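Here are my notes on this model. Please read them with the structure open beside you.

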Amino acid sequence: MMMKKLIRPHKVHLDASTVCQLKCPSCPTASGKVAETLGSGFLTFIDFKNFVDNNPWVFRIELSNWGEIFLNEELIQIISYAAKHNVALSAGNGVNLNTASEDVIEALVKYRFRIITCSI
C-alpha cells in the first residue's frame, strides 16, 4: 500500500480585511462583488492566533488582497503575535495607508513587518 505524503504549505494568504474605505471605479471590493462572494469584514486576532497555533509549519503570511488591512482594529495584535511565533507578514498585494495610525506604523517597524506595497 502506497502512503501519501501530507503537503504542508509554508506560505499562505489570509485577508486581514475585505473592507476598504476607497471607492476605486474598477475595484471589485468597491463595487460590492467581494462582499457578495467572500463576505465583508476583518480577520480577528483569535482566528489568526488559532491559525498560527494549528499550522506551525507556516512561516510566511500575506495579509492583503481584497481590502485595506489598516482598517482592521486588531492588526497590532496580529503583527505582534506573528513576530513572537517567527511568522513573517507581508502586504504585497497593496495597501493605501490612508488610515494607518502612528501606533500601527510603529508596530510595523517594531515587529519587522516584511513587505508593504502601497497602492496609489
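1. F45 is buried, at 18% relative accessible area (buried means under 20%, exposed over 50%, partly exposed in between, with a 1.4 Å probe and protein chains only). Y81 is buried too, at 13%.

2. A word on the basis. This is a predicted model, where local features need pLDDT of at least 70, side-chain atom pairs count only at pLDDT 80 or more, and totals for chains, interfaces and linings use all residues. Residues are numbered from 1 along each chain as its sequence is written, and side-chain values use heavy atoms, leaving out hydrogens and water.

3. The whole structure has one aromatic pair. F45 and Y81 form this pair, edge-to-face, with 5.6 Å between centres and 85° between planes. Rings of Phe, Tyr and Trp (its six-membered ring) pair if their centres lie within 6.5 Å; planes under 30 degrees apart count as stacked, over 60 as edge-to-face and the rest as tilted. F45 sits in helix α2 (residues 45-54) and Y81 in helix α3 (residues 75-84), so the pair ties together parts 36 residues apart in sequence. Helices here are DSSP runs (H or I, at least four residues), and strands are E runs of at least two, numbered from the N terminus.

4. Which cysteines are bonded? The structure holds zero disulfides (pairs of cysteine sulfur atoms within 2.5 Å). For C27, the nearest cysteine sulfur, that of C24, is 5.9 Å away. C27 is partly exposed, at 25%. The sulfur of C118 is 11 Å from the closest one, in C20, too far for a bond.
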